[in-house]
Amino acid sequence: SNKLLIENIKLENVKDQGKVVDIFFEIKTSKASKKSKTQKSNALDFQEKFNIELVDQDLTFDVVVYEQKQGMLLGSSNEYLGSVTVPLSTIGDREISGKWYDLEFNRKYHKKTFTVNGKIFFESKKYSGSNVDPPTGSALASGKPSAALSRELSNSSKVDVSGGKGGQDGSSNG
């Protein structure tokens, strides 16, 4: 069975009123839904990892952002702030990669149209359920690694993973 891994989620400019609010998001496929922890809107860097089971009819997944409001009498309620629908065809299955998305309005989650602010970033990858962390490099399994490989391994911590595509601040609007 195929799975979707999503991690290293960041949100930016989600609320423009300037006051600090509680924010959480849900990742939704046709069958599954995973909810993040709630965080303050002035530090929206979610250090969470989500593994979501995919079914054959999943062509997209949604990331839906909410504000959690604490009510005096009625307990808490959730206010929809925006979402992004991501085609699974755009998610790679070899290595994890990250991208900024603009949050949009989606009638599926809120009836009355309003202007949505904010951006969301996450890293994602598809993988088959059997190999959660596939081993890298066949030479590692064959006893002693070659000199070239061990040199490569000792340098691997210095590899630049910024990708170099578009602006580093995520402002590359296509």
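Let me start with a term: a contact means heavy atoms within 4.5 Å. Keep that in mind for later.

Now, what are we looking at? This is a predicted model, where local features need pLDDT of at least 70, side-chain atom pairs count only at pLDDT 80 or more, and totals for chains, interfaces and linings use all residues. Residues are numbered from 1 along each chain as its sequence is written, and side-chain values use heavy atoms, with hydrogens and water left out.

The overview first. The protein has one helix and nine strands. Helices (H or I, at least four residues) and strands (E, at least two) are DSSP runs, numbered from the N terminus. In order, the elements run β-β-β-β-β-β-β-β-β-α.

How much of the protein is buried? Of its 174 residues, 33% are buried. Buried means under 20% relative accessible area, exposed means over 50%, and partly exposed lies in between, with a 1.4 Å probe and protein chains only. The accessible surface is about 11,400 Å², and 49% of that belongs to carbon and sulfur atoms. Those areas come from the Shrake-Rupley method with a 1.4 Å probe; for residues, only the protein chains shown count as cover. On contacts: of those with a separation of 6 or more, 61% join residues 24 or more positions apart.

Next, strand 2. Six of its seven residues are buried, so strand 2 is largely enclosed by the rest of the structure. Which strands does strand 2 pair with? Two strands pair if DSSP finds at least two bridges between them. Strand 2 pairs with strand 6 in the antiparallel sense, over seven bridges. There, I23 has E67 as its bridge partner. Strand 3, residues 33-35, is also an antiparallel partner of strand 2, with three bridges. Strands 2 and 3 make a hairpin, with four residues between them. Then there is strand 4, residues 39-40, antiparallel to strand 2 over two bridges. Here D22 stands opposite K40.

K40 leads us to V20. V20 sits in the loop between strand 1 (2-12) and strand 2 (22-28). V20 touches K40, S41 and N42, leaving aside residues up to four places away in sequence. Take S41: V20 and S41 are 21 residues apart in sequence, yet 5.4 Å apart in space, C-alpha to C-alpha. Is V20 buried, exposed or partly exposed? Its relative accessible area is 47%, so V20 is partly exposed.

Four strands form an open sheet in the order 5-1-9-8, with antiparallel pairing. Its edge strands are strand 5 (45-53) and strand 8 (97-102), each pairing on one side only. Neighbouring strands of this sheet are turned by 25 degrees against each other on average, direction ignored. Axes here are lines fitted to C-alpha atoms, for helices over the stretch in contact, and angles run from 0 to 180 degrees between N-to-C directions. Strand 8 pairs with strand 9, residues 119-128, over six bridges in the antiparallel sense. W100 stands opposite F121 in strand 9.

Last stop, the surface. L74 lies in the loop between strand 6 (60-70) and strand 7 (76-87). L74 counts as exposed because its relative accessibility is 82%. Together, M72, L73 and L74 form a nonpolar surface patch with about 520 Å² of accessible area. Patches are made of residues with over 30% relative accessible area and no salt bridge; like charges are joined within 9 Å, nonpolar side chains (Val, Leu, Ile, Met, Phe, Trp, Tyr) within 5 Å. A salt bridge is a side-chain nitrogen of Lys or Arg within 4 Å of a carboxyl oxygen of Asp or Glu.
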